[in-house]
Amino acid sequence: VQLQASGGGLVQAGGSLRLSCVASEGTFILHAMGWFRQVPGKEREFVAALTGNGRDEYYADSVKGRFTISANNANSTSYLQMNALKPEDTAVYYCAASRGLYGTAWYLGRISSYAYWGQGTQVTVSS
């Protein structure tokens, strides 16, 4: 599985960005997808996840109501729509494919549940 993340950039507080993660063909049939973020000097933290059947979405409390995860099987792309961005959302964002198709919020919120990672894309939110 190969993952390629893009879409990061510089945006003012209150603005929006959409991150994309292009995956190998068929990835979403076999894997749940997740997005994580990391700030220098801190641990990578969970942002959002989507089960492989698209039925369940999970979000960190800090982004709930502002971010939306989705996936398009036709073009093998996962998206993270980020609205009402805050300076504290500034981080490198990573997409990842889990070890299985399904999972609970607890399971998909763990870094160790993911077997494949894309390179990061920087998101900077100015105040």
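Strands β3, residues 17-23, and β8, residues 77-82, pair in the antiparallel sense over six bridges. Pairing here takes at least two DSSP bridges. Strands are DSSP runs of E, at least two residues, numbered from the N terminus. This is a predicted model, so local features need pLDDT of at least 70 and side-chain atom pairs count only at pLDDT 80 or more, while totals for chains, interfaces and linings use all residues. Residues are numbered from 1 along each chain as its sequence is written, and side-chain values use heavy atoms, with hydrogens and water left out.

Now the sheet. It is open, with four strands in the order β1-β3-β8-β7, paired antiparallel. β1 (3-6) and β7 (67-72) are the edges. Each has a single partner strand, so one side of each lacks a neighbour in the sheet.

What stands opposite Leu19 in β8? Leu80. Leaving aside neighbours within four places in sequence, Leu80 is in contact (heavy atoms within 4.5 Å) with residues including Leu17, Trp35, Val47, Phe67 and Tyr93.

Next, the core. The largest nonpolar core has 35 residues. Such a core joins buried Ala, Val, Leu, Ile, Met, Phe, Trp, Tyr and Cys through side-chain atoms within 4.5 Å. Leu80, Met82 and Phe67 are among those with the most contacts inside it.

Last, Asp89. Asp89 lies in the loop between β8 and β9 (91-98). Buried or exposed? Buried, at 1% relative accessible area; the cut-off is under 20%, with a 1.4 Å probe and protein chains only. Its side chain reaches the backbone nitrogen of Lys86 at 2.8 Å. Not counting residues up to four places away in sequence, Asp89 touches Arg37, Arg66, Phe67, Ala84, Val123 and Val125.

Conventions
Buried means under 20% relative accessible area, exposed over 50%, partly exposed in between (1.4 Å probe, protein chains only). A polar contact is a pair of N or O atoms within 3.5 Å; within protein, one must be able to donate a hydrogen and the other to accept it, and residues adjacent in sequence count only if both atoms are side-chain atoms.
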